[in-house]
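Here is a short briefing on one protein model. It covers sheets, helices, cavities and a few single residues.

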Amino acid sequence: MGDDWLSQRARAAEQAVPGGFDLSECVREPIHLLGGVQSYGTLLAVDAATGVIDTAAANTGLLLGVAAGDLVGGPVTRVVESDDWTEALEATSGDEAPSAALPVTAGAGSARGTFDLSVHRSGELLMLEFEPRDERQAFLFSGFYQGVRRALARLRSASTVTDGCRTAVKEIRTLTGFDRVVAYRFDGPDGPGEVVAEEVTEAWEPWLGLWFPATDIPPQARRLYQDNWIRVITDVDDPTVRLHPQVRQSTGQPLDLSGAALRTVSAFHLEYLRNIDVRSSMSVSVMREGRLWGLIACHGAAPKVLAPEVRSACELFGAAFSLQLAAIEERERADGFARSGARAGAVAELLDADVEASLLRNEEAFRGLTNADGVALARSGRVVTAGLPLPDRLASELSRRASLMTPGTVWATDRLPELLADADADADAENGPVAEPDGLAGLLMVSLGRSGEFLAWTRAERPMPREWAADPALPVRVGPLGERLTPRGSGAVFRSVMRGRSLPWTAQDQSAALEMWRMLTGLVLRHANELGRLNDELRMINVDLDSFAHAAAHDLKEPLRGISNAATFTLEDAADDLDATSVRRLDTMQRLAGRMDELLNSLLHYARLGRGGVQHVDVALDDVVDAALEVAGPRLADENVTVVREATLGRVRADPDRLYEILVNLLVNAAKYAADRPDRTVEIAVAAVPTQDGAGSEQAVLVRDNGIGIPAGRQSEVFDLFRRLHGPAEYGGGTGVGLAVVKRIVERHGGRLWLESEPGQGTAFYFTLGDPGTEASGRA
């Protein structure tokens with residue numbers, strides 16, 4: 001792109017906006033009240049309660065077959081089917097009032113056709129946006145869906161913010177086909193932005209690493225980006241379609257188009273895009289903790305219409321990218337805790353009863369903990385500093401801030417002079433302004449108490465070079481036709497040095513500060529009390545969950561019984577009037593209702609195990625085995641399984657009823673999965689096994705069979721609730737609850753349950769009952 005091109009673009013841009021350029025007008029422009037939509041679609045604003053059209057775009061005659069003036073004041077069903085209007089109302093109902101997208105046939109006369117209808121609520125109005133659907137290029141969702149899934153999978157594998165940004169721009173460009181896609185990160189909520197990742201065609205100039213002035217995206221645009229995840233401009237030369245009427249009678253204002261995908265675009269922004277040779281664009285918001293972190297910005301050299309499905313996919317990708325950034329940050333914070341704990345502990349060991357003096361003696365270790373240039377401790381009305389000095393007025397300001405913070409709260413900034421300037425604006429005449437920090441630009445502080453005590457680390461100013469896509473001091477320039485936004489070309493790179501900043505504080509730095517606070521305030525002792533409180537809360541939560549499961553299963557049985565009875569009565573009373581298919585379906589309904597009843601009974605039983613207590617009494621294991629064989633024996637006999645047991649199994653301390661359940665479930669399980677062999681056996685014994693810590697041995701009850709066995713990779717699954725490794729009707733069927741019940745009973749006793757198995761060779765189940773003092777006689 002040469003000078004001639006730049007000149008032509010500059011003149012064209014200047015001619016596009018009549019009159020002089022006033023940057024303050026750009027900042028104040030109500031971009032949600034521009035009174036128009038992009039012409040590739042049309043819009044109706046309808047009173048949701050009455051169905052009467054309040055406002056219509058002027059091109060409804062072209063796209064829907066009825067002029068806007070004829071539509072306003074009339075029923076929306078003149079151009080929209082009644083069923084589609086009802087579906088639009090239902091799809092956007094509720095407190096959250098979500099937006100929705102529907103394929104519809106709409107319009108009147110020869111203009112009647114197929115549209116993608118986007119619907120959202122704006123106060124009492126339902127906003128209907130119609131985009132003609134090109135059936136010749138029907139959206140192949142199945143293939144596109146797979147591409148989106150792969151894109152999301154690659155995004156989840158990103159381990160750093162940079163990796164995530166690179167993945168995001170690459171995948172968004174693949175999904176949309178734009179010529180340039182960049183990840184653009186803001187430097188603070190009102191600051192400039194930096195291009196941190198880019199995918200661009202070879203014909204275009206790269207922007208990676210360039211900074212753009214904050215004025216490029218004014219505050220009202222940032223607010224809309226926070227409310228709407230995606231913004232699409234199909235063609236910068238699109239003739240805006242005005243709304244009828246231009247001003248609503250009820251408000252005296254233009255229609256609020258904040259949530260409209262078709263909303264027209266500010267003339268300032270269109271000029272900006274023309275100046276960078278862009279015909280179409282899309283922006284996807286990237287959010288962090290409810291604030292705008294940045295944008296994924298897309299540019300095209302030609303007009304581009306994106307189907308609603310593609311926009312929805314990009315919006316979903318933006319949300320996933322935002323979540324991935326949060327996950328990366330949490331992971332970095334967790335890693336920081338892990339790495340900083342040991343370092344903080346080593347530094348804390350250098351402290352003695354005289355904290356201030358020991359800090360001065362070991363200042364290098366304290367500063368090294370966070371790679372700081374200075375450290376300060378405010379305690380008992382005194383401020384001790386080492387390394388970079390801390391002015392008295394600044395120390396007083398920090399003490400004031402610390403007194404307003406919850407003890408243990410970490411506060412950090414890498415731009416202290418900016419914050420002090422704000423404090424100076426609020427300073428009273430008596431105290432005067434906070435002193436200039438004299439080269440100090442970064443501060444990491446943790447509050448030690450409500451009295452204003454704090455521990456802080458400081459960093460000196462580190463001048464940072466930046467390359468700007470335009471001179472940040474001159475967002476507008478004087479051209480042949482007056483002041484205009486400047487075009488950006490390959491020569492428009494301005495280099496500057498940022499002052500008043502320090503190296504940023506990392507999550508590890510902040511974690512180290514928090515660890516030092518914990519050790520300085522004796523948090524270890526208080527942590528034990530807090531842990532006890534949390535355990536009590538967890539115990540109550542578990543009780544509530546058990547009660548919920550019991551109540552839910554019990555309450556579900558009544559409607560289930562009604563379903564089963566209804567199917568039974570229908571078969572009995574009208575069997576002669578039903579065809580074979582209906583009879584088969586009713587039989588299936590009965591069978592599934594029975595299956596559901598079994599599952600609910602199992603859930604009820606499982607829930608009761610959590611509600612009742614466990615008694616530990618001395619019980620003869622032989623007596624419990626005999627009782628269990630009265631129930632499981634016939635099943636074992638049916639499968640020709642022989643029970644082998646020791647002459648005397650001894651005594652254990654356990655709840656006899658619960659122990660009986662354990663043995664019944666294990667014996668029935670052995671009968672179910674007996675192998676096809678002549679010597680089918682199940683052995684019951686008491687064995688000596690290593691303790692959990694490996695320091696000794698303990699007695700465990702053993703139930704071993706020589707059945708079909710369990711593959712090594714699936715052995716842990718057999719203890720999951722409602723989990724069977726085989727089909728519902730295979731090996732005698734069942735609900736998959738038995739071994740889950742066994743596990744829960746053993747855990748309620750404080751014991752352990754595990755298995756050893758090999759396919760084709762059988763399975764050995766071991767369980768202990770949580771009493772190390774138990775002695776059981778018999779062969780080990």
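Two strands count as paired if DSSP finds at least two bridges between them. Helices (H or I, at least four residues) and strands (E, at least two) are DSSP runs, numbered from the N terminus. This is a predicted model: local features need pLDDT of at least 70, side-chain atom pairs count only at pLDDT 80 or more, and totals for chains, interfaces and linings use all residues. Residues are numbered from 1 along each chain as its sequence is written, and side-chain values use heavy atoms, with hydrogens and water left out.

**Strand β10 and its partner**

- Strand β10 (residues 230–233) and strand β12 (residues 280–288) run antiparallel, joined by 4 bridges.
- Ile-233 stands opposite Ser-281 in β12.
- Both faces of β10 are covered. Ile-230 and Val-232 on one side are buried, as are Arg-231 and Ile-233 on the other. Buried means under 20% relative accessible area, exposed over 50%, and partly exposed in between (1.4 Å probe, protein chains only).
- In a regular strand the side chains alternate between the two faces of the sheet.

**Cavities**

- The whole structure holds 3 cavities of 30 Å³ or more. A cavity is a set of points on a 1 Å grid over the protein atoms alone, where a 1.4 Å probe fits but cannot get out.
- The largest cavity has about 50 Å³ of space. Grid points are joined across faces, edges and corners, and a volume is the space filled by probe spheres set on the points.
- Ile-233 is one of the residues lining the largest cavity; others include Gln-38, Asp-235, Thr-264 and Leu-270. Lining residues have an atom within 4 Å of a point.
- The lining divides into 4 nonpolar, 3 polar and 2 charged residues. Ala, Val, Leu, Ile, Met, Phe, Trp, Tyr, Cys and Pro count as nonpolar, Asp, Glu, Lys and Arg as charged, and the others, Gly among them, as polar.

**The sheet of 7 strands**

- This open sheet has the order β1-β11-β3-β2-β6-β5-β4, with antiparallel pairing.
- Its edge strands are β1 (36–37) and β4 (100–106), each pairing on one side only.
- Helix α5 packs on the sheet and touches β2 (42–47), β4, β5 and β6. The direction of α5 makes about 175° with that of β4. Axes are lines fitted to C-alpha atoms, for helices over the stretch in contact, and angles run from 0 to 180 degrees between N-to-C directions.
- Strands β5 (residues 113–122) and β6 (residues 125–132) run antiparallel, joined by 8 bridges. Ser-122 has Leu-125 in β6 as its bridge partner.
- Leu-89 sits in α5 (residues 82–91). Beyond its neighbours within four places in sequence, Leu-89 contacts Ala-48, Arg-121 and Leu-126. Contact means heavy atoms within 4.5 Å.

**The sheet of 5 strands**

- The order of this open sheet is β15-β14-β18-β17-β16, and the pairing is antiparallel.
- β15 (382–387) and β16 (410–413) each have a single partner strand, so one side of each lacks a neighbour in the sheet.
- Neighbouring strands of this sheet are turned by 15° against each other on average, direction ignored.
- Helix α13 (residues 392–403) packs on the sheet, touching β15, β16, β17 and β18 (454–460). The direction of α13 makes about 35° with that of β17.
- Helix α15 (residues 507–520) lies across β16, β17 and β18, at about 40° to β17.

**A residue in helix α10**

- Ala-319 belongs to helix α10 (residues 308–348). Its relative accessible area is 24%, so Ala-319 is partly exposed.

Note on methods:
On a 1 Å grid over the protein atoms alone, a cavity is a set of points where a 1.4 Å probe fits but cannot get out, and a pocket is an open set with protein on both sides within 12 Å along at least five of seven lines; lining residues have an atom within 4 Å of a point.
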